[in-house]
Amino acid sequence: MSEKTIPVSSTSNEAQTAAAPSSKKGKKAKPTNIVIPPKKPKLSKAERRALQEAQRAAKAGGGAGGGKSGGGKGGKSKESGTSASTGGGGSDDGETKRSRGKSVNEEEKKDAAYGEDHQRSGAASGEDKMVSLFSHLPRPMAPLEIHHQLSSISSNNQLSNNHIHPAIPTLGHLYITHSLLGGNARCRAMLQTFALLLQAYTPPSTSRDFRHDVDHSLLKPAFQYWTTQCRPHSVSMGNAFSFLKLAVANLERELEWNDAREILLESMEAYVTERIEYAGKAISRHAGSKIQEKGDVILVFGKSEVINRLLLDAALVDKKTFRVIVVDSRPLLEGRDTLEILSRAGISCTYVLLNALSYLMMREVTKVFLGASALMSNGSVLSRVGTACVALLANSNHIPVLVGCETYKICNRVQLESITGNELGDAEEVACTDCARVGPSNRWNGTVENEDSSGEKSEGEVLADWKDQPNLKLLNLMYDLTPSDFVTGIVTEVGILPPSSVAVLLREMSPESAFKGTS
């Protein structure tokens, strides 16, 4: 049996050895003549630009050798044609190679053209000059863009389709050019424009509910146009707009449109009268009681409607004698308007810039009055940039800081810094360093004379070529946030309150209660 089993095992071994090469033949062997290129490394933006520049230079310098390369390709095509006649299928490979080469050249041309366009758009829009910490904020319009927008308003079909009144882009132009500054002025102008829109508006005959049409066809398009196309709205504008929407929603559906329009107009007029005009008078009365009869030196910063009012009332009505130090800062230089208003009233004034503040604060200032653009629920004050510096220095020198703010400027948002929520101004205003000649009236001319009569470059335009400097970026912030620790008291129409009581005011002065008070 051992003799019989031995040949069986030998035959099985032979079968296995015979099957082994057949299994190896079944697997595809890797070709030796194909070279797999390594993966290209991911290039940075600067490296891609350098590569595009090198490609453009090679194309520009290789114009003379284009014929030679074309002849070489032609020779290769002839060889591939002869090989196709002998080997078969070679013509298809030659055509695919040519088509691939053409597609690669087209893609390179597209990439180069896109790179040039992207560089031009980046240089024009100032994306490379944007400070990364504030890149989330909307970019302001340049004067040239404002001019193009205004020239296209008359031919803009979108405005006519949405039935936007011509008063809306007119007010938007005032917002963009900073012709209207201050929360009260912007809010008052917005409500006056809404009054014009309501007087000229008539709901369509097919309307089932005029309240829905007024809200979605009249109010929202106008407010969105100002906010998205012109300038971010202030807290005062947002609260007034919420009040107006609530007034529309509280109207009875069965009312005639003429009666409903009269109610809305009366509500807006009452809002301006009570929340702005009467509030300013009450703030003037409360804050004026803190001014002594003689000898006070009051420091103010920039321009605030309510602060100017209380100073005028204290000097002209109460006949108090005091001196005012007006602190101003570039680029808006709003303190010039404050200086003119107070000087005409016969009030003794001193005008300084922000960099001289420390010298004055330590020597003669007795009180600091500041305005506010918004009042956060945690007691922080949002105001013109530079206000926090004034409050900080006054607090370090133990000088009381009183902030005048109407209750309709209270915001339910909590903000701890000036980065998350702010507004960017045009960097060209910062680049214009000629403060003596460029004031608020002519700072939006777009172009300023760079040369004097002798043909030399003026000293005020040392930053005229700031966009060409690779390591230079300019930042123009509109607001800053003053912590509640630097504020002694907040003067409202209710009275002088500590910053910790802002949350109570926010609950009491909600839009619902404000509307009920006017009805």
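The lining of the second largest pocket comprises 8 nonpolar, 11 polar and 9 charged residues (Ala, Val, Leu, Ile, Met, Phe, Trp, Tyr, Cys and Pro count as nonpolar; Asp, Glu, Lys and Arg as charged; the others, Gly among them, as polar). The model is predicted: local features need pLDDT of at least 70, side-chain atom pairs count only at pLDDT 80 or more, and totals for chains, interfaces and linings use all residues. Residues are numbered from 1 along each chain as its sequence is written, and side-chain values use heavy atoms, with hydrogens and water left out.

The second largest pocket has a volume of about 470 Å³, the space filled by probe spheres set on its grid points, which are joined across faces, edges and corners. A pocket is an open set of points on a 1 Å grid over the protein atoms alone, where a 1.4 Å probe fits, with protein on both sides within 12 Å along at least five of seven lines; lining residues have an atom within 4 Å of a point. Of the 28 lining residues, Gly182, Gly183, Lys303, Ser304 and Glu305 lie nearest the centre. At least two lining residues come from each of α8 (183-200), α12 (305-317), β4 (367-371) and β6. Helices (H or I, at least four residues) and strands (E, at least two) are DSSP runs, numbered from the N terminus.

Glu305 also forms a salt bridge with Arg188, with the closest N and O atoms 3.1 Å apart (cut-off: a side-chain nitrogen of Lys or Arg within 4 Å of a carboxyl oxygen of Asp or Glu). This pair joins helix α8 to helix α12, across 117 residues of chain. The structure holds 12 salt bridges.
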